[in-house]
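Good morning, and thank you for coming. Please look at the model on the screen while I speak.

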Amino acid sequence: MSDTKKALRLDKYLADLSVGTRTEVKQYIKRGRVTVNGQTVTSPEFKIQTGSDQVEFDQMPLSYEHFEYYMLNKPAGVVSATRDKFGKTVVDLIEDANRKDLFPVGRLDKDTEGLLLITNDGDLAHQLLSPKKHVDKVYYAKVNGCVTEEDKKAFAEGLVVDDELTAMPAKLDIIKSGEESEIYLTIKEGKFHQVKRMFEAVGKEVTYLKRMSMGSLLLDPELELGKYRKLTDEELAALRGE
Ligand code: URA
């Protein structure tokens, strides 16, 4: 699905797949631990056709995916980053990733749950995050305070949030209105703390936030918090607009 046919040096191929660092894999190759199409290859510069050559390390077949795409149901308490000095990141949760250059497409706050796409495909990430593309993001939220029809109207008109942010028109669907309200909010931007700031601007506080979708990609209801799976071919094609 996500394999792009490409010629690569054998040492880079192995390092990309996290078999070892570039220096380590050169040693492995020189010691005869790597075969290509059944033949031992001892030259790190040897060119691999990623789409067709069969590479084995210590008799274990390797599969090279140029791009990987994972849907994660992010739990609260995990940072949307590739690396964090103090705690676990969303990338650390993708335990059986082949690639070591994965990153999250956009950020969710540490206490936000839900859909996060993790990939190493920079072009797709750019398409989804570019402010010019206006990709819809749908959030479910619990809100302290009574969310009203006036809020719905204000959000639809484009809310002045604070000195820095006037939100683009957003669609507010009220599921439950009361002391604690429940809503779905569809926004086309992804400014820092955007949903929380929009509710703050109308005098309410978001107490729970979960992203349900991003463009055509819907959070799989079967995916438990902290779990992930690869995107299907259909999901990927739809995200690419194919
Ligand atoms: N808006 C927020 O306030 N937080 C998020 O994590 C995402 C959108």
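Predicted model: local features only at pLDDT ≥ 70, side-chain atom pairs only at ≥ 80, totals over all residues.

Glu-205 touches Lys-142, Val-143 and Asn-144, leaving aside residues up to four places away in sequence; contact here means heavy atoms within 4.5 Å. Glu-205 belongs to strand 13, which runs over residues 205–214. Helices (H or I, at least four residues) and strands (E, at least two) are DSSP runs, numbered from the N terminus. With a relative accessible area of 48%, Glu-205 is partly exposed. The scale is as follows: buried means under 20% relative accessible area, exposed means over 50%, and partly exposed is in between, with a 1.4 Å probe and protein chains only.

Residues are numbered from 1 along each chain as its sequence is written, and side-chain values use heavy atoms, with hydrogens and water left out.

Let us turn to helix 5, residues 194–201. How many of its eight residues are buried? Six are, and the helix is thus described as mostly covered. The buried residues are Gln-194, Val-195, Lys-196, Arg-197, Met-198 and Phe-199. They pack against strand 10, helix 4 (149–157), strand 11 (171–176), strand 12 and strand 13. Just after helix 5, Gly-203 takes a positive phi of about 80°.

Within this helix, consider Arg-197. Arg-197 counts as buried because its relative accessibility is 15%. Its side chain makes a polar contact with the side chain of Asp-162, at 3.2 Å. A polar contact is a pair of N or O atoms within 3.5 Å; within protein, one must be able to donate a hydrogen and the other to accept it, and residues adjacent in sequence count only if both atoms are side-chain atoms. Not counting residues up to four places away in sequence, Arg-197 touches Asp-162 and also Val-161, Glu-164, Leu-165, Lys-191 and Phe-192.

Next, the ligand. Which residues surround the ligand? They are Leu-108, Asp-109, Thr-112, Tyr-139, His-193, Gln-194, Val-195, Lys-196 and Leu-209, where near means that a heavy atom of the residue lies within 4 Å. A backbone N or O atom of His-193 lies 3.2 Å from an oxygen atom of the ligand, and one of Gln-194 lies 3.4 Å from an oxygen atom of the ligand. For Val-195, a backbone N or O atom lies 3.1 Å from a nitrogen atom of the ligand.

His-193 itself sits in the loop between strand 12 (180–187) and helix 5. Although it is not a glycine, His-193 has a positive phi of about 50°. Its relative accessible area is 31%, so His-193 is partly exposed.

The largest pocket holds about 580 Å³ of space. Of the 31 residues that line it, the closest to its centre are Arg-107, Tyr-139, Gly-190, Lys-191 and Phe-192. On a 1 Å grid over the protein atoms alone, a pocket is an open set of points where a 1.4 Å probe fits, with protein on both sides within 12 Å along at least five of seven lines; lining residues have an atom within 4 Å of a point. Helix 3 (122–129), strand 10 (137–144), helix 5 and strand 13 each supply at least two residues of this lining. By class, the lining has 14 nonpolar, eight polar and nine charged residues. The second largest pocket has a volume of about 170 Å³, and its lining includes Thr-82, Arg-83 and Val-91.

Finally, Lys-137, which lies in strand 10. Is Lys-137 buried or exposed? It counts as buried, because its relative accessibility is 8%. The side chain of Lys-137 reaches the backbone oxygen of Val-135 at 3.1 Å. Among the residues that Lys-137 touches, not counting those up to four places away in sequence, are Leu-185, Gly-190 and Arg-211.

Thank you for your attention.

Technical notes:
Points joined across faces, edges and corners; volume = space filled by probe spheres on them. Nonpolar A, V, L, I, M, F, W, Y, C, P; charged D, E, K, R; others polar.
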